[in-house]
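This report asks the reader to study a protein model in stages, from domains to chains, core and sheet. Please look over the sequence and the structure before reading on.

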Amino acid sequence: MVKIKKTELNEFIEFLMKDYDVYSPADVGKKAAFKKIKSAFEIKHAITNTHLSPKDVFFPQSEVLFQYSDDGLKVPKREEKAIAVWGMRNCDTSSLLMLNKVFGDAHQMPDKDMYKDPYWKMKYDNCLIFNQACNEPLSTCFCNWFEGNPFAKKGADIFVVDTGDHFILEGISDKGKTFLSKYKAGEETTKVDLNKIAKLKETAESYLPDVVDIKPLFNKMNKIWDEPIWEEISAKCINCGACTFVCPTCHCFDVSDEGKGKKGQRIRLWDSCMFQIFTREASGHNPRGLSTQRVRQRIMHKYNYFMDNYEQYLCTGCGRCVQVCPVNLDIREVIKKVLDYKLSKNEEI
Amino acid sequence: MQQLVKKVKEIIKNKEVDVVIGWGRGSLPFSATPIFVETEKDVEKLIFDETCRNNLTTYLTKDKRRISKEYKKIGIIVKGCDSRSVVLYTVENQIKRENVVLIGVPCNGVFEKKKLSQLVEGKEILDFQIDVDNIIIKGRNFEQTHPLKDALCDPCLTCQYPDAPEYDYFIGTPRKDVNVPDAYKMINDFGEKSAEERWAYIQEEYSKCIRCYACRNICPSCYCPECFVDQNDPQWIGKTPEVTDSIIFHLIRNLHVAGRCVDCGACVSACPVDLDLRIMSKKVEKEIKERFDYTAGTDINEKPAMASYCENEKQDFIMG
């Protein structure tokens, strides 16, 4: 473990910047989001959860796949340094593991290498994740429903705890341990520090909501696809994409061509299952023309389809969608509603 | 509140309406949530207070609702701005006035969560209490008192129509004597700045847009079955969150709601990245007011500004 005085954080960040492009929570307008920083002074510390998720560090909202002109095709390559992300909370760190299953792992595909996404991999593969303990979870947080914890270390390369005057860093992965061993300016941690961490963990956990057993959710979802519950859930949804765009795990995208004459580019853009155009076919037919069908898709993808493919739920309980929904469609209430729902066809679960 | 519950119970019992769209308690502090009340039992869930932010009339247009259930007659609880949206729908032939029952409620302004959050420097708010003209905001380790008006939505601070101009039943006492400061002060102040400063501000502001379309979808006046941004043959504008694309989206949307925006501020509250959306919409409103002496949604017998013509209209914008 390495102990760094907060006032000396900039030295550590500068050390980090020798090998990495550093991203961290920072002010973006009136909100906090992850962005590339030039010094430790840009880091926004006094937040629990950024308003926007860090997924766009690895999966940008708009990304050029290739450019074409008379000279042929040009595929962008990453020439900068590898990426390090400071200040990620575990809900976000876990979301990267989920996204990596889709973009980077492709374990279920017959020809694994063929289906790995090079644009994701060139950013994600050599990244260094600083997973910071979440000292003060918000009232909208529910990571504990998904086996998460404010002090969880899963997915971290280096685990960071903010103890007030210091940051205490612990190498978790080999990559993280190797990096930390190179940094010589830190102090030694003491027993007092460890006690402090234990105390902080205890306080953080006390802020979490009661755990809801979500194991039965998957099976229940299998049986309610054509039940009237979806109308009740979706009635107030206005089908904007706010929830999907702030979500750290939503990863649906669209591909768009922009060109004029002999020059142009193909870009990949975030898309949202909430939008009508997401499923509208060239004929004009839309298999998910109703709001109800689209809301069902979002919930089913999170708590059923993803489980089918990757054996876990596609949600980390970060609570961002709960915070931004303009009509207060609270996903925690949706989960509870589905779990409590009595099937109309007398089917036993 | 009791009067409201009583009235809604009555009209549901008499089968005057199939459903009443109102507000219920939300899951977060400072939040109310839209509810669809069909039975007498559910009427008890209705609330009305400063947290009832949403303009519920957005659910009246068919393409927004898109629920398979078809209601013949809809009751809806309306504040001043919400009632103006119903007037708008009527004059634009989107609904038949006789198919909706409007229950007016006296509005003293509604909370803007974003302003509340700024008041307490972004700390999480867990509870609040109103004490005459003040609001006591509570969180985990703090309790602060602020003037109530600092917590209200910007449009509420200059609202000239807190009482529904159009209603079938009115619960409580209308505010009537409304004396408001100059509604266009923010636009005039902004206009004082140089063109470069204004452009810099607009660019900086709209570069934050994430194109989630929450502003468009929550907007009662945005009810096109297919928005121009959703068309891809031809594709009118780029889909990236780059500022050039985003600004075009917002400019066109604002021109499209010119003379139709009721300044309910729903877009501002819905925006997940806190854009200053009223800097555009209020400017357009002011132009319409000055050129056509028209204020959207205030007179059910008046033709919409953009759907009528009179000879003495100012035309200096055509001739330069």
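How many residues of domain 1 of chain A are in contact with residues of domain 2 of chain A? The structure is a predicted model, and in it 22 residues of domain 1 of chain A are in contact with 19 residues of domain 2 of chain A. Domain 1 of chain A covers residues 2-58 + 74-206, while domain 2 of chain A covers 217-340. Their C-alpha centres lie 27 Å apart. On the side of domain 1 of chain A that touches domain 2 of chain A, helix α3 (residues 90-105) of chain A gives the most, with 8 residues.

The model also holds a contact between chains. Here 33 residues of chain A are in contact with 34 residues of chain B. Four elements of chain A give two or more residues to the side that touches chain B: α9 (242-246), β10 (253-260), β11 (263-270) and α10 (291-310). Of these, α9(A) gives the most, with 3 residues.

The next topic is the nonpolar core. The largest nonpolar core has 155 residues, and within it Val85(A) and Ile76(B) touch the most other members. Helix α3 (residues 80-91) of chain B supplies the largest share of this core, 6 residues. Which residues does Ile76(B) touch, not counting those up to four places away in sequence? They are Val20(B), Ile21(B), Leu56(B), Thr57(B), Leu60(B), Val100(B) and Leu102(B).

Chain B also contains an open sheet of 3 strands, in the order β6-β7-β8, with antiparallel pairing. In general, strands of a sheet pair through backbone hydrogen bonds, either parallel or antiparallel. The edge strands of the sheet in chain B are β6 (127-131) and β8 (143-147), each of which pairs on one side only. Neighbouring strands of this sheet are turned against each other by 20° on average, direction ignored. Between β6(B) and strand β7 (residues 134-138) of chain B, the antiparallel pairing extends over 5 bridges. Within this part of the model, Phe128(B) stands opposite Ile137(B) in β7(B).

How values were computed:
Residues numbered from 1 in each chain as written. Chains lettered and ligands numbered in written order. Predicted model: local features only at pLDDT ≥ 70, side-chain atom pairs only at ≥ 80, totals over all residues. Core = buried A, V, L, I, M, F, W, Y, C linked by C-beta atoms within 7 Å. Buried ≥ 20, exposed ≤ 12 C-beta atoms within 10 Å, placed from the backbone. Contact = placed C-beta atoms within 7 Å. Domains from an automatic or database assignment. Pairing = 2+ DSSP bridges. Axes fitted to C-alpha atoms, helices over the stretch in contact; angles between N-to-C directions.
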